[in-house]
There are 4 protein chains.
Amino acid sequence: MTGEARPLRADAQRNRARVLEAAEVVLARDGLSASMRTIAQHAGVGLGTIYRHFPTQEALYQAVIIDRMQRLIAEADALLAADDPGAAFFEYFTRIVENATQKKTLADVLAEADIDPKAGMADISRDMRDVIEKLLIRAQKAGAVRQDLHMPELLALLAATCMAAERNQWSDELRTRTLSILFDGLRSHH
Amino acid sequence: MTGEARPLRADAQRNRARVLEAAEVVLARDGLSASMRTIAQHAGVGLGTIYRHFPTQEALYQAVIIDRMQRLIAEADALLAADDPGAAFFEYFTRIVENATQKKTLADVLAEADIDPKAGMADISRDMRDVIEKLLIRAQKAGAVRQDLHMPELLALLAATCMAAERNQWSDELRTRTLSILFDGLRSHH
Amino acid sequence: MTGEARPLRADAQRNRARVLEAAEVVLARDGLSASMRTIAQHAGVGLGTIYRHFPTQEALYQAVIIDRMQRLIAEADALLAADDPGAAFFEYFTRIVENATQKKTLADVLAEADIDPKAGMADISRDMRDVIEKLLIRAQKAGAVRQDLHMPELLALLAATCMAAERNQWSDELRTRTLSILFDGLRSHH
Amino acid sequence: MTGEARPLRADAQRNRARVLEAAEVVLARDGLSASMRTIAQHAGVGLGTIYRHFPTQEALYQAVIIDRMQRLIAEADALLAADDPGAAFFEYFTRIVENATQKKTLADVLAEADIDPKAGMADISRDMRDVIEKLLIRAQKAGAVRQDLHMPELLALLAATCMAAERNQWSDELRTRTLSILFDGLRSHH
DNA sequence: GATGAATGAGTGTTCATTCAT
DNA sequence: TATGAATGAACACTCATTCAT
């Protein structure tokens with residue numbers, strides 16, 4: 001009833017979080033060959049504990065991705081209110097790619113954002129898509145982004161960049177240089 | 001060393017080719033979950049035959065990729081002699097992405113072209129890299145591509161586009177639109 | 001022994017009964033693949049509560065069986081005082097088989113009644129045996145059942161019929177017809 | 001090429017037989033809790049070898065049962081040509097129950113013979129059924145078995161007896177006595 | 001050289017049981 | 001006392017790889 005209350009439930013929440021975190025780390029390290037057993041060890045919990053929180057390996061993976069997308073989507077709010085719509089747009093693009101570089105596994109979802117609205121992923125994908133679309137429209141209205149850029153190719157480029165950044169562990173410098181080139185293609189040619 | 005002719009050699013070559021081809025098809029269809037047995041069945045050979053030619057699953061996959069890269073590299077020759085160096089450069093970029101869309105599995109290697117020169121892949125990756133570099137330099141000299149575009153970011157963008165095209169099965173239209181945007185970023189701003 | 005009343009004892013008894021009932025239902029439905037968790041859910045109690053009352057899955061199953069045997073044994077009392085000992089004997093046999101058809105899981109114990117006096121089962125099995133024996137002797141004295149029928153083969157036939165009825169879910173008609181044949185074998189040939 | 005030829009194939013056949021035999025033994029000993037690993041160890045083969053021959057645990061179990069039924073069905077041929085149809089009928093019934101006592105696991109199928117024609121079991125069950133029906137009809141024509149005995153109750157009684165004999169490991173004496181009683185019920189009352 | 005039977009480590013998943021709350 | 005979160009042994013099954021034929 002107080003701030004510190006409900007210790008049992010708290011422990012469970014804590015384990016859930018530990019599993020999620022471990023899954024993120026192990027997935028980043030081992031890729032798709034990560035095993036549930038390894039994740040359990042990494043999280044310092046029993047194998048069964050994972051299954052208490054996530055009924056399936058796939059469910060766990062989805063939860064990892066959803067978790068990260070939620071955080072990313074939350075970051076967009078501030079940018080949607082930013083003074084410079086163009087800067088906001090490019091910053092968010094950059095932020096997403098940075099995130100992929102660090103954490104991996106995001107790309108797959110972004111990849112499917114425009115394509116495969118599977119299971120519980122559908123909603124969150126749509127949310128991400130919507131947020132990106134809003135930033136795009138604002139930036140276009142401000143004349144910072146070319147008018148003939150539409151969502152399909154924007155998502156395609158975003159997904160592509162994330163995948164490569166994640167897979168090849170782009171350095172900060174490479175990311176900067178690469179995005180700089182890419183952004184030149186997205187900007188208005190007055 | 002032997003007095004006899006080598007009719008079997010022809011058969012062996014044939015089997016090797018059959019396995020390679022089957023591996024390409026099955027990898028494209030089943031992705032990483034493709035099994036050696038499936039490939040053997042598809043090739044119409046015994047499981048052991050695969051192992052005679054390729055010591056390891058990984059070796060087979062590498063061979064598939066090398067095979068495709070060789071063909072892609074060969075395609076570059078004509079373009080290196082083309083009249084319009086800019087068009088040649090963009091055409092080759094497009095060609096590689098098309099290839100990824102159709103056949104899958106290429107992206108991974110391209111991805112690593114600038115990074116992970118593992119095993120026998122090193123040489124062919126370097127060849128590919130060289131060919132691309134030559135096309136780039138010609139195009140830059142002709143003023144068709146910006147001077148400040150260097151190999152790392154070019155390869156990064158190429159890898160990114162291939163991965164996404166392969167994974168998300170870009171339609172012809174999406175590929176055209178996406179590359180059009182991207183190419184605007186690569187071009188010279190006079 | 002304590003100075004306090006025991007209102008909780010009533011709750012405990014109630015939970016024990018609920019678990020027992022749920023176990024019967026779930027065992028009938030799911031057979032041996034029934035899980036403790038399912039039973040707990042069905043009973044509307046926590047998993048731990050089952051273990052408070054029954055230390056082991058096996059103990060619970062035994063309790064279910066003992067419970068049912070007790071009820072069956074109780075039914076025998078009236079028949080032991082019945083006017084027609086022959087009818088009483090055959091009716092009880094029939095009743096037991098009917099019970100097996102409806103509820104499942106009884107057969108296994110009956111099966112072991114003459115054989116495996118394990119754990120707390122021993123007593124109740126003996127009670128059941130005694131009651132059957134009494135009915136048999138009365139029926140034999142009344143000339144309704146052949147003299148050379150002894151307990152081992154009677155129990156064997158009873159167990160056999162229960163198992164099959166339970167496993168194959170005999171219809172009422174099949175049970176009637178089958179027992180009719182069987183009973184002809186048990187009757188006296190004058 | 002001679003009687004001893006084809007060693008490779010022979011080995012495979014041999015392993016299949018070994019697995020089948022081991023499965024029979026282990027199933028008899030451990031019941032349904034028998035594990036594939038245990039069977040493999042018992043057979044002296046690797047775990048994968050079982051799966052080479054039987055795609056599924058269920059498939060293996062079915063194969064065990066089918067194997068035994070085939071042998072039993074083969075035994076019926078001689079009896080179908082016997083001089084005394086009544087004796088032949090009762091002998092076959094006895095033979096099947098004996099078999100169940102020794103080997104276990106047969107009962108389940110017999111149980112389902114009249115009921116659940118699942119998968120590849122259907123044919124062999126039908127064969128068994130047919131053979132029993134032929135023996136029954138001959139015995140009825142010879143006046144040795146009551147006319148009003150029909151297949152459903154005959155199969156029910158056979159299944160029942162097999163189950164109990166198998167589960168409770170009837171001694172020879174118990175089997176003789178029990179069947180003797182039962183057969184009195186099957187015979188004609190002139 | 002070609003075959004495919006054999007192998008067993010490894011995987012995802014279930015479930016009886018324990019114990020902190 | 002009741003709860004259900006945690007545990008991990010156990011299971012069916014897959015698949016890269018080896019090797020006898």
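Modeller: A residue counts as buried when its relative accessible area is under 20%, worked out on the protein chains only. This is a predicted model, and by that cut-off 47% of the 190 residues of chain A are buried. Chain A is built from 9 helices and has 0 strands, so its order from the N terminus is α-α-α-α-α-α-α-α-α. Among the contacts in chain A with a separation of 6 or more, 69% are between residues 24 or more positions apart.

DNA strand E is surrounded by 38 residues, and the closest are Gln57(A), Arg52(B), Asn15(D), Thr49(D) and Arg52(D). Of the atoms of DNA strand E that come within 4 Å of the protein, 64% belong to sugar and phosphate. In chain A, a backbone N or O atom of Met36(A) is 2.9 Å from a phosphate oxygen of DNA strand E. In chain D, a polar backbone atom of Gly46(D) is 2.6 Å from a phosphate oxygen of DNA strand E. The side chain of His53(D) has an N or O atom 2.9 Å from a phosphate oxygen of DNA strand E.

Several helices give two or more residues to the surface near DNA strand E: α1 (7-30), α2 (36-43) and α3 (47-53) of chain A, α1 (7-30) and α3 (47-53) of chain B, α3 (47-53) of chain C, and α1 (7-30) and α3 (47-53) of chain D. By class, the residues of this surface are 16 nonpolar, 16 polar and 6 charged.

Sugar and phosphate make up 64% of the atoms of DNA strand F that come within 4 Å of the protein. A polar side-chain atom of Asn15(A) is 2.2 Å from a phosphate oxygen of DNA strand F.

At least two residues of the surface near DNA strand F come from each of α1 and α3 of chain A, α3 of chain B, α3 of chain C, and α1, α2 (36-43) and α3 of chain D. The greatest share is from α3(A), with 5 residues. This surface divides into 15 nonpolar, 15 polar and 6 charged residues.

Next, the relation between two of the chains. Chain B superposes on chain A by a rotation of 178° with 0.1 Å of shift along the axis, at an RMSD of 0.5 Å. The two copies are therefore related as by a two-fold rotation axis. Both copies use the same surface, as 100% of the contact residues of chain B recur in chain A. Within chain B, the residue closest to the rotation axis is Gly185(B), whose C-alpha is 2.0 Å away.

Buried residues of α9(A) include Leu174(A), Arg175(A), Thr178(A), Ile181(A), Asp184(A) and Gly185(A).

Chains C and D also touch each other. Arg146(C) lies in the loop between α7 (121-141) and α8 (151-168) of chain C. Its relative accessible area is 6%, so Arg146(C) is buried. Among the residues Arg146(C) touches are Gly185(C) and Leu186(C) of its own chain, and Ile181(D) and Asp184(D) of chain D. The side chains of Arg146(C) and Asp148(C) form a polar contact of 2.7 Å.

From the chain D side, Glu153(D) sits in helix α8 (residues 151-168). With a relative accessible area of 1%, Glu153(D) is buried. Its side chain makes a polar contact of 3.2 Å with the side chain of Arg177(C). Glu153(D) is also in contact with other residues, including Leu174(C), Thr178(C) and Ile181(C).

Technical notes:
Residues numbered from 1 in each chain as written. Chains lettered and ligands numbered in written order. Predicted model: local features only at pLDDT ≥ 70, side-chain atom pairs only at ≥ 80, totals over all residues. Heavy atoms only, no water. Near = heavy atom within 4 Å. Polar contact = N/O pair within 3.5 Å; in protein donor to acceptor, adjacent residues only side chain to side chain. Helix = DSSP H or I, 4+ residues; strand = E, 2+ residues; numbered from the N terminus. Nonpolar A, V, L, I, M, F, W, Y, C, P; charged D, E, K, R; others polar. Least-squares fit on C-alpha atoms with pLDDT ≥ 70 in both. Contact = heavy atoms within 4.5 Å. Buried < 20%, exposed > 50% of the residue type's maximum accessible area, 1.4 Å probe, protein only. Lists of a residue's contacts leave out its neighbours within four places in sequence.
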